[in-house]
Amino acid sequence: MSHLLQTSFLSSSTVVRRTPTSLYRTTNRIIVRAKIREIFMPALSSTMTEGKIVSWIKSEGDKLSKGDSVVVVESDKADMDVETFYDGILAAIVVEEGDVAAVGSPIAFLAEAEEEIELAKAKALSSSSSSSTSPSPAPSPAPAPTPAPVESQPKKVVTAAVVSKHPASEGGKRVVASPYAKKLAKELKVELGQIIGTGPSGRVVAKDVEAFAAIGSVAATATEPVNTAVSGVELGTVVPFTTMQNAVSRNMVESLGVPAFRVGYTITTDALDALYKKIKSKGVTMTALLAKATALALAKHPVINSSCRDGNSFTYNSSINIAVAVAIDGGLITLVLQDADKVDVYSLSRKWKELVDKARAKQLQPHEYTTGTFTLSNLGMFGVDRFDAILPPGTGAIMAVGTSQPTVVATKDGRIGMKNQMQVNVTADHRVIYGSDLALFLQTLSQIIEDPKDLTF
């Protein structure tokens, strides 16, 4: 669900700005004459303190209707279309594409009628001047594009981001382009102003950017800097954190305050491997199988699914939501499979693929990455046999899963045999979870994986 732009009223006869009581409910003073609304940076998640403007869908002077998507904002985990709650005219944009604004600060002004546009622009200029003279909460060196691989941060894009006009402009005239086309243009190092759009009313769409990039690929290759590594990273450069990387950094530092301990366990996976081969053709993923097995084990050991947030009490979570750590361009995110103990493995697999697609497109909703109660981190697909994971703040435990590999073992009759085994290591909050709790949980998990008949029901 898209979030609504929050505004407050300004009057042309008496300049009044009432501070909103919250980001989602404002106290407004209305004077019947000209109405100008400040459009604030909305809070798109409970942890969001600032947001980056990915792209303005609407341009200055455009007429808006309630429910129209106006701007794409990058929160700490996803890009979201933000809608307007009011009718009016987008009179002035304060925060340009690529720039960052604190939650609750004005990013644009909305006028009710054309007569108020000039006044709104004056207010916008005044707002920009006051913010430029006040201390900035953080230095803003050349802003980087929205979270993307480092190789998609060319110098020409960085310098374009600090000029007064929008990056998608030519000669001061706005170039109409879809948000995805703008992001794609940054990734492919293409200037939107050089592209002829084929969309409605000449709008530049993704296929236009791709076609233009394909034509200019030979020339672009010839101008690549000589000190660029194979991966496209320019050596010796300092790259500021993206919004997502900042969020990951804060969470990792916060986790250091939790007294954690670790327990490892070896699980035989022959039966699970055989089941996976049998139902893989039906769209089932190994991630879904592991999430389902973990959820069933958690249902029998609710303390492992609990969490301690204040240091004085802990909560037995009512739902078993398995968060799975995934590396994406520009950071790390945990995608949440909700009620994994109650959902069949086929539905879990479909949901997992949907979440991955949304994460890559940066279209996740907050509940899809903030509601996990237990976390899985799997590096087995990279051949990693064992590792320890850092406990995410607000959860009781995280399990690191290594690769399943052939292992020589002694059989019950004293002979030597070969079995596929994997190593799992659980990091847990010792304020709530004790060693015996983890041992019993891991025994149950091992039994479920080694006899996985319940995973397909």
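Among contacts in the protein between residues at least 6 apart in sequence, 62% link residues at least 24 apart. The model is predicted. It contains 10 helices and 19 strands. Of the 457 residues in the protein, 47% are buried.

Turn now to one helix, α8. It covers residues 286-300. Its 15 residues reach 22 Å from the first C-alpha to the last. That is close to the 21 Å expected at 1.5 Å a residue.

How many of the 15 residues of α8 are buried? The count is 12, so α8 is largely enclosed by the rest of the structure. The buried residues run from Thr-287, Ala-288, Leu-289 and Leu-290 through Ala-291, Lys-292, Ala-293 and Thr-294 to Ala-295, Leu-296, Ala-297 and Leu-298.

One partner of α8 is helix α10, residues 435-450. The two helices pack at an angle of about 135°, and their axes lie 9 Å apart. The angle makes α8 oblique to α10. The crossing of α8 past α10 is right-handed.

Which residues meet there? From α8 come Ala-293, Thr-294, Leu-296, Ala-297, Leu-298 and Lys-300. From α10 come Phe-441, Thr-444, Leu-445, Ile-448 and Ile-449. By type, the residues of this contact are eight nonpolar, two polar and one charged.

How values were computed:
Residues numbered from 1 in each chain as written. Predicted model: local features only at pLDDT ≥ 70, side-chain atom pairs only at ≥ 80, totals over all residues. Heavy atoms only, no water. Axes fitted to C-alpha atoms, helices over the stretch in contact; angles between N-to-C directions. Helix = DSSP H or I, 4+ residues; strand = E, 2+ residues; numbered from the N terminus. Parallel < 35°, antiparallel > 145°, perpendicular 65-115°, else oblique. Left-handed = near helix turned anticlockwise from the far one by under 90°. Contact = heavy atoms within 4.5 Å. Nonpolar A, V, L, I, M, F, W, Y, C, P; charged D, E, K, R; others polar. Expected span 1.5 Å × (residues − 1). Buried < 20%, exposed > 50% of the residue type's maximum accessible area, 1.4 Å probe, protein only.
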